[in-house]
Amino acid sequence: MAEKTGKGGARGKEAEKTKPKMAEKVVEGLEGLEGISEAELIARIKEFLRKKYYKKLLNASSKETAVVVKYGDLDKFSPELGDMLRIEPDRFLSVASKAIETIDLPNPVKMRVSHFPDMTHIRDLRAKHLGKFICIEGIVRRASEIRPEIMETVWECPECGERITQLRKGSFVSRPFECGNCGNRRGFKQTAKNMIDARWITLEEPFELVEGERPSQLNLVLAEDLTSPDHRRMTEPGSRLKASGILREIPKGKTYDVKLDFFMDTNHIEPTEVGWERLVLTKKDEEEILKMSKDPNIYRKLTASLAPSLYGMNEIKESIILQLFSGVPRTMRDKTTFRGEIHLLLIGDPASGKTQLMKLVPQIVPRSKYVSGKGTTTAGLTASVIKDEQFMGGWVLEAGAMVLANKGLLSVDEFEKMDPNDQVAMHEALESGTVSIAKASIVATLPAKTSVLAGGNPKFSRFDDYQSISKQITIADTLLSRFDLKFILRDVPNAEQDRKVVDHILKTREGNYEPAIPKIEPDFIKKYVSYAKLNCKPILTKESGRVLRNFYLRTRKKAEAEGAPIPITLRQFEALMRLSEASAKIQLSPEVRMEDAKRAIRLMQYSLRQLGMTESGEIDIDKSEGLISSSERGKIRIVMEIIAELSKTKKQIARGEIEEEARKQGIEKDNVDEILDKLKTDGTLFEPSPGYLERV
Ligand SMILES: [Zn+2]
């Protein structure tokens with residue numbers, strides 16, 4: 001800072017020596033540049049360009065693009081010029097283009113300025129920023145087509161012949177108010193208009209800045225070389241950008257949304273990193289992550305750290321942890337791609353904790369969001385083409401939540417209530433990570449590599465005990481199959497379970513209840529995931545591949561033969577691979593180990609069983625038939641197997657131990673108690689002492 005003023009003073013004196021002539025315009029109100037003639041300014045900028053950017057200028061001119069000057073270079077060369085760009089960008093850029101004109105170049109070149117150091121949040125834009133050079137960051141929400149527009153008109157003063165250029169402001173160009181040369185205010189004649197290609201985009205504040213409220217937006221106009229195919233890709237809806245330019249006011253007189261009364265006359269754009277890649281990890285973080293990854297209890301610790309105030313739901317939480325780490329995306333030689341994103345579906349009774357969980361998860365994922373399937377915006381979940389004559393003119397492509405959360409996670413509650421248009425597009429979004437749209441004159445494919453945590457309600461808003469669960473899911477099979485795992489959350493009255501939940505809630509409120517304190521802080525989980533995503537791409541070993549394959553083939557065979565409640569397809573096999581890859585990533589393992597494959601299988605079994613499929617793929621018989629259903633039979637068999645396993649090491653087995661093991665395999669405690677009582681009555685087991693069981 002001290003250096004800046006020092007230099008400024010020196011230049012001020014220098015300027016005094018060369019007093020400008022009467023007719024020349026002088027710079028006023030800019031420290032260090034007061035009294036400097038325009039000719040001298042041109043000379044200075046020319047000197048700067050010749051010294052630092054001559055090659056780039058020549059190159060830009062031959063390619064008919066713009067020359068991109070780093071702000072730091074300009075500011076270092078002359079802090080006064082740096083200030084001038086900041087405070088009087090219009091004047092600076094006009095002088096700069098005059099300076100470029102004096103350099104002998106094959107084609108005219110426009111100057112663009114990158115790496116502007118100060119960022120302004122869109123929500124903080126005020127009148128004081130008008131006419132100033134600013135830099136903002138956001139996600140492209142809407143983008144118009146590229147169309148020719150009048151950018152400026154040239155007028156002639158009838159009194160003195162001065163040519164006056166009127167820049168377009170907003171969507172129209174006005175006639176000059178006054179001749180800058182003679183002061184005349186009447187009779188101007190338009191002599192020319194310059195047409196250029198332009199695109200309008202709406203930039204929205206990034207998710208991480210927005211908590212609950214509606215994100216602020218700003219419209220930007222991109223013209224000339226900023227509409228090139230490269231720039232076009234960079235500015236498609238869903239892209240994340242840093243944009244700098246001049247903040248202008250949209251002339252009043254027409255009615256506009258009050259939120260949109262500014263726009264940016266864009267000078268430069270650059271894509272910015274998104275999501276996980278953006279987190280900065282210190283050396284200490286990395287050490288901590290490496291240490292943690294070696295902890296054999298890491299899976300349990302991570303699971304216990306997710307929404308610890310919500311009781312139970314361990315398998316769901318474990319699956320969500322795997323979802324955060326995700327599988328490894330792969331492209332085969334024939335260009336077939338396999339996604340890495342893991343999608344989960346929770347279907348639950350009201351008050352089953354589903355929504356709470358869904359609202360919590362986005363908080364530990366960068367660039368993620370909680371939305372309702374009903375959609376709060378016109379673009380819905382995927383994308384839409386809307387007509388916007390008022391501001392942007394013509395058809396506008398608007399990104400929906402899946403696109404805006406690209407590379408992040410989207411929690412979609414009330415998934416079954418989504419718009420029919422979204423239903424169709426959602427198939428592609430979930431499987432391929434893209435959203436394609438072709439409507440009116442707009443044809444585009446937008447990125448949507450978004451992990452989805454969807455929540456749905458049963459058919460009659462609450463599960464009916466007397467109908468098979470799969471019949472109470474209203475989401476189409478084709479869409480259902482895109483989810484790697486599906487879970488059922490029931491809110492069934494159960495005295496003991498209820499007591500545990502209530503106690504847990506009460507203790508959670510006390511503040512120092514151990515199970516309610518996350519073992520690993522959410523911020524650290526974020527860093528952990530980011531590190532694993534960037535540094536670990538585990539590959540499947542033959543051994544674990546075979547385990548997954550056998551499980552899949554066995555499940556599919558049974559499902560095929562007996563008409564499963566939900567179809568078992570190759571998608572489930574891919575899901576198993578993704579889940580085991582995610583499991584390996586947690587320990588930063590370069591290989592998918594046997595234990596990873598087993599974890600994936602265990603969770604898949606739990607999920608299938610909840611949907612009415614028993615371990616081997618048998619189908620649930622309608623309970624209303626009053627017989628022991630096949631799933632009941634399956635459960636009895638599982639409990640028997642558990643008892644057999646535990647009997648290997650001891651004679652008497654605690655009920656709690658059996659319950660615990662059974663719970664891991666998806667059988668609720670109540671159910672286990674029922675089964676144990678049944679086995680006691682039919683003489684398979686006896687109770688030698690209270691709470692202990694033994695085989696006869
Ligand atoms: Zn005049």
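Strand β8 and strand β9 (residues 262-271) are joined by 9 bridges and run antiparallel. Strands here are DSSP runs of E at least two residues long, helices are runs of H or I at least four residues long, and both are numbered from the N terminus; two strands pair if DSSP finds at least two bridges between them. Within this pairing, R248 sits opposite F263 of β9. Strand β8 (residues 240-249) also runs antiparallel to strand β3 (residues 133-144), with 7 bridges joining them, and there F133 has I246 of β8 as its bridge partner.

All of this comes from a predicted model, where local features need pLDDT of at least 70 and side-chain atom pairs count only at pLDDT 80 or more, while totals for chains, interfaces and linings use all residues. Residue numbers start from 1 along each chain as its sequence is written. As for confidence (pLDDT, the predictor's own score for each residue, from 0 to 100), the protein chain has a mean of 82, and 85% of its residues reach 70 or more. Over residues 1-24, though, pLDDT stays under 50, and it also stays under 50 over residues 615-629.

Next up is an open sheet of 5 strands, paired in parallel and ordered β13-β16-β19-β12-β20. Because β13 (369-372) and β20 (485-489) stand at the edges with a single partner strand each, one side of each has no neighbour in the sheet. From one strand to the next, the twist averages 15°, with axes fitted as lines to C-alpha atoms (for helices, over the stretch in contact) and angles taken from 0 to 180 degrees between N-to-C directions. β13 pairs with strand β16 (residues 409-413) over 4 bridges, and Y370 stands opposite S411 in β16.

What about the inside? The largest nonpolar core holds 130 residues, with L220, M402, V435 and L576 having the most contacts inside it. Such a core is a set of buried Ala, Val, Leu, Ile, Met, Phe, Trp, Tyr and Cys residues joined through C-beta atoms within 7 Å, where buried means that 20 or more other C-beta atoms lie within 10 Å of the residue's own, with C-beta atoms placed from the backbone. Beyond its neighbours within four places in sequence, L220 is in contact (C-beta atoms within 7 Å) with residues including A243, F263 and M264. A second, separate core has 13 residues, among them V639 and L693.

Finally, helix α9 (residues 298-305) packs against helix α10 (residues 314-325) at about 105°, their axes 9 Å apart. That angle makes α9 roughly perpendicular to α10, a label covering 65 to 115 degrees. Y299, L302 and T303 of α9 meet N314, K317, E318 and I321 of α10.

Key. Buried ≥ 20, exposed ≤ 12 C-beta atoms within 10 Å, placed from the backbone. Contact = placed C-beta atoms within 7 Å. Parallel < 35°, antiparallel > 145°, perpendicular 65-115°, else oblique.
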